[in-house]
Amino acid sequence: MTDYFSYVESLFKEGEKRDPPLKGLKVVELTHFVFGPNVGRILAQFGAEVVKIETPGEGERYRIATIFGRFYNRTNLVYGIQNANKYFIAADARNAKAREIIFELAKRADVFVENLRAGLADAMGVGYAQISKVNPRIIYASCSGFGQYGPLSKVPSFDVAAQGVASLAVKTGWEDVEEFYKLPDYFGDFLPSMMVVFAVLNALYYRDKTGKGQYIDVSQTESLLRFLYDITYFSLTGEEIGKTGNIDPCASPSGIFKTADEKFVAIAIMTDQQFEALSTLIEGLRNGERFRRDRIKELNQLVEDWVAKHKLDEIMEYAKKLGFPASPVLGDVEVFNDPWRWERRSIVKLLDRLYGEIPVPGAFVAMSATPGQVKWLARPVGYHNRLILKKWLGMSDQEIEKLEKDGVIGYWDEQPGCAPPPIWDAEKDPVFRGEKDE
Amino acid sequence: MSRDEALMKLFAEDNKPFALEDVKVVEIAGENFAAAIAGSLLAEFGAKVVRIEFDDQAKNISLFGAKVEGCGIPYLVESRNKEIVKFSESAKELINSCDILIDGMKPGYLDSLGIGYRQISEKNPGLIYVAVSPYGHFTNKAREFANVPDSDLTAQAYNGYPSIIGNPYLTGKYSYPLRAGIWAAWTMAGLNAACGAMIALIERKKSGKGQFVDVATHDALAVIHTFPTIVGFLFGKSRTRYGTLDYIIYPFGYYRVKDGYVALATPTDPDFRALLKIIDRWDLEPDYRYSLDRISDDPERLKVLDEELNKTLQKYTVKQLVSRARKKTKGKILGRLLGAPIIVKLNKLQELLNDPHWRLRNSLIKFNPDGKGILIPNTAVKMSETPPRIFKILGKEVKKS
């Protein structure tokens, strides 16, 4: 019998491959920043055709939000990757005719995603009530900070705000420093966005059986609360856990320690079996009420002293041999250069038609028969106007030109992040001209 | 009918069906809670989830050891709607006939027992096998580290997450990488696994075939967040601790004010300008360093502005700041285009629980094991046709309050 890991690898590398799971699924999104757009990003990785609607000119405001102000080939990679594999339409929602076009697209969609202020999509004439009337199969997801109804529903939100309201933020930081830190990289957007993806997939599964669409309401705050075990702890003990530094209250000992070679290692002992394993290495490490707050600190001190005398590699060898959770603490560059991630295809090299060769995160999950794909980065504002208006709405070139002339639809302004790369030539781009798909 | 009333009616649970009531799931998660969370999510949406256990280790894992009916809190919360049984010969029948098998054990362990994907898929080619482990079930690294058990903290670490949490201006011990205060990596990995299972389930309707879905907790955050790849490629230099600052939007964090803390975000430049007006610091506006240039990979450069903001914000109360920020947008059709910072109070847990908003939305449910009502997070999703809901905790019925 082949070794297990080689067997699984053969499934991923040489196993049967089938069509993308969400091929033919039509998604329309009226979204900005991260929470809404990430839903389309994930669905598009597995074959959905996602049309994103933006404002002509500046497009969505996240287009100019780059890391440290850095653009690449006149595009913003943060936005580009967040909106990979999508089709870009620019229609000015302040214009009644443009709203009609958005409505016509939604009429033909399977899924509609929005993360505007609660109630705004209704006011624009593209709310769930309006679209489901003409398209009862629509799966409509509204993403917001605090949900679509209730006293807080109209309060504007953003990642850090939701983390703050959820009382999640008061849990991250050092016990003896009067400061609170956010969970970075917009965790308060990304986690909820995956909750939306999950709900949408469930609704699709149900629609396959019954033909019925439905309305989905997901809030950032409730998605975060779903995993806030402190709520249950508080109702049981009356105590707010608050900040615990590097201690995981569910693991003892647990923390991030400095090694003899000045590196950082995370160690978190969940089970008694793991505890026994570690105690064979560290003198004085005794079990017995090890989860008590003061005991965790005592045990951590012993681990800290021991780690300080050993190199990272030695510690990892012990972890492998004895079986306890330990990992090095990586930085961005180490993550990026990690051969394991490239081998898993969680980082891949994308050869983009407009922007050239760029490393990007791969599909969010590895699937043996239907691997996800990142095919192209976000395009300039309005780049697919012609393609999609022809393909979805059957419009002629003349009709589209009239819409352009009347200012109903539009294209990019010359800002980096919105415009094509400098050497791009409209005449030589059949996709832009709507003659060919991506 | 107001919009709120109409929505509450639309989302009423009544006797509506579940989306996944025809789906059979087996969860063999051991003490890997990322895998258990994947099972819980499917269970919330009505899948028949049977959790099969080899031992009691998962029950002992809890916040400072707190227990309810002999079970730790994560175990309790993630037991929702599940049937929990001990591993036995008869459980094998269940394993062989399920639609989705969630494997949170050491990679290769189930295979060694004859209930891995290799064996089951031969008899049951429709099986969707969802593996959740530190480094996945293939690659050399996965093989090399197969004996190292999973934990949220170690997964956070390998995702590069603690390296960017904290205050860049602190030194000594406080300059260490810092843990995210919840199971950030395990929750994300659990959701990724649940979404992967659903994509495979939808695909199976067309092809009739299952497949192997592999989730690595040690990569779950980085692959979703995308930033480590972008920073690695563009800068070749890792970010430092940006807990009080940010690399895309600034200000973007928690600030001490006169009577507490606020969350403050200025997503765009006009929002930042509006903030300066609100706190009467328009004098900072003409300084080029604080316009778009206030986003910098050099924390030292941000220090001056950060100190000014901290100093000024402490002159105001939470209420003053929140109401001034709201006034900026109210009644103006294009209010958002004119800019306004987002400012909300930083809640303690007790304050969250006192807010009637969450009661109205049933965001938390009460579980009464022995008369003491304890709170448990409800499903996070509202759906009009197939509302997910919780009817069982630790195998006991949950009554609607």
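Colleague: Which conventions apply here?

Modeller: Residues are numbered from 1 along each chain as its sequence is written, while chains are lettered from A and ligands numbered from 1 in the order in which they are written. The model is predicted, so local features need pLDDT of at least 70 and side-chain atom pairs count only at pLDDT 80 or more, whereas totals for chains, interfaces and linings use all residues.

Colleague: Which residues have the most contacts inside the largest nonpolar core?

Modeller: In soluble globular proteins, nonpolar side chains tend to be buried together. A nonpolar core is a set of buried Ala, Val, Leu, Ile, Met, Phe, Trp, Tyr and Cys residues joined through C-beta atoms within 7 Å. Here the largest has 286 residues, and those with the most contacts inside it are A:V200, A:I216, B:A38, B:L42, B:V130 and B:A197.

Colleague: Is B:I376 buried or exposed?

Modeller: A residue is buried if 20 or more other C-beta atoms, placed from the backbone, lie within 10 Å of its own, exposed if 12 or fewer, and partly exposed in between. B:I376 has 22 such atoms and is therefore buried. Its C-alpha atom is separated by 9.9 Å from that of B:R80, 296 residues apart along the chain.

Colleague: In what order do the strands of the open sheet in chain B run?

Modeller: Strands are DSSP runs (E, at least two residues), numbered from the N terminus, and two pair if DSSP finds at least two bridges between them. The order is β9-β10-β11, with antiparallel pairing. β9 (252-257) and β11 (342-345) of chain B each have a single partner strand, so one side of each lacks a neighbour in the sheet. β9(B) and β10(B) pair over six bridges.

Note on methods
Helices (H or I, at least four residues) and strands (E, at least two) are DSSP runs, numbered from the N terminus.
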